[in-house]
Amino acid sequence: MKSYLIISASALLFSFVFIFSDKYREKYGSGSDAALKFTACSHFAGLIALLIINKFKVEFTVFTAVVAAAAAVDVILFNLCSLKALGKTNLSKYSVFSMIGGMSLPFAAGILFFREEMTVGKIICFALIIFSLALTAEKEDKKGAFLYYAGVFVTNGLYGVINKFFSASDFNKTSDAGYSILVEGFIVILSLLLLIFAKDRVGLIKGSGLIYSGGYGVMCAVGNFLLLTALRFLPASAQYPFVTGGVMIISTIYSFFTPAKPGKKQIASVILSMAGIFALICFNKTL
């Protein structure tokens, strides 16, 4: 039960990150310069948060550095695709592709490559959450949108797979916090280097732009660290569907306190998500 509390906390953090990235895009656009500056600022904030959590201890092994570098490249591609996708489709559809990718790829990898058990609860939960996400999707795409939200789907899911690989590996490696710090550090360095080649200059990020990117970065960094920690106790094929369902539930509850009240489809999707999480926890019979 402790692991479910940990990933519930991460779901709470992830519930608000889409808002921060969308607000940033509205202010600075979705060009490569804006995206890379967003990535550098947000993950610098995440790096500071993780250093505080790890009491400013920096750890290093070659294996950890290689995996962290791969994760950093994936995150940069995810942020570039995210800002482009948000410029061509609505937040609803973007979040659906992001969450389905973030859930389905680690789910499949856990079963196929990491020998995690397939249970009745996992199947029911996965199916119900896919259906609940489909209910919330809205149209309004611009030309070329599919390419970018397909990129969001793959890169968000691949990040979970990379983390699972790190957690399950027996190579000489750092602690979870040490790995997370290296990931954030590599992201900042690579983003700053890539800025040399960026076009569509947006100038210095300041004011609300720093708040949006900083809030996004801290929530993502801490949320992903919690998920990585929970992988020691809970398989990826159970963890990621639970997180996705939790994000949907929390986001909908939050929307009751905003002018954009949830409609019937959003409420139905939450009920399905809750049913999926219940099935995941209660139906543990292995197939």
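Contact means heavy atoms within 4.5 Å. Leaving aside its neighbours within four places in sequence, Ser180 is in contact with Leu50, Phe225 and Leu228. Ser180 lies in helix 8; helices (H or I, at least four residues) are DSSP runs, numbered from the N terminus. Ser180 is buried, with a relative accessible area of 7%. Buried means under 20% relative accessible area, exposed over 50%, and partly exposed in between (1.4 Å probe, protein chains only).

The model is predicted: local features need pLDDT of at least 70, side-chain atom pairs count only at pLDDT 80 or more, and totals for chains, interfaces and linings use all residues. Residues are numbered from 1 along each chain as its sequence is written, and side-chain values use heavy atoms, with hydrogens and water left out.

The nonpolar cores come next. A nonpolar core is a set of buried Ala, Val, Leu, Ile, Met, Phe, Trp, Tyr and Cys residues joined through side-chain atoms within 4.5 Å. The largest one holds 67 residues. Within this core, Ile7 and Tyr179 touch the most other members. Helix 4 (residues 62–86) gives the largest share, twelve residues. A second, separate core has seven residues, among them Leu51, Ala177, Ile181 and Ala221. In soluble globular proteins, nonpolar side chains tend to be buried together. Ile7 also has contacts beyond its neighbours within four places in sequence: Leu227, Ala230, Leu234, Gln239, Phe242 and Val243.

Helix 2 covers residues 17–28, twelve residues in total. From its first C-alpha to its last, helix 2 reaches 17 Å. This is close to the 16 Å expected at 1.5 Å a residue, where the expected span is 1.5 Å times one less than the number of residues. Buried residues in helix 2 are Val17, Phe18, Phe20, Ser21, Asp22, Tyr24, Arg25 and Tyr28. Just after helix 2, Gly29 takes a positive phi of about 85°.

The structure holds four salt bridges. A salt bridge is a side-chain nitrogen of Lys or Arg within 4 Å of a carboxyl oxygen of Asp or Glu. One of them joins the side chains of Asp22 and Arg25 (3.4 Å, N to O). Both residues lie in helix 2, three residues apart, about one turn of the helix. An α-helix has 3.6 residues a turn, so residues three or four places apart point the same way. Asp22 is buried at 13% relative accessible area, and Arg25 is buried at 19%.

Another salt bridge pairs Asp33 with Lys37, and the closest N and O atoms are 3.1 Å apart. Asp33 and Lys37 are separated by about one helical turn because they are four residues apart in helix 3 (residues 32–53). Asp33 has a relative accessible area of 0%, so Asp33 is buried. Lys37 counts as buried at 17%.

Glu116 forms a salt bridge with Lys164, with the closest N and O atoms 2.9 Å apart. This pair links distant parts of the chain, 48 residues apart. Glu116 is in the loop between helix 5 (91–112) and helix 6 (120–136), while Lys164 is in helix 7 (residues 145–168). Both Glu116 and Lys164 are buried.

Ile189 is found in helix 8 (residues 176–194). Ile189 counts as partly exposed because its relative accessibility is 48%.

Definitions and conventions
Helix = DSSP H or I, 4+ residues; strand = E, 2+ residues; numbered from the N terminus.
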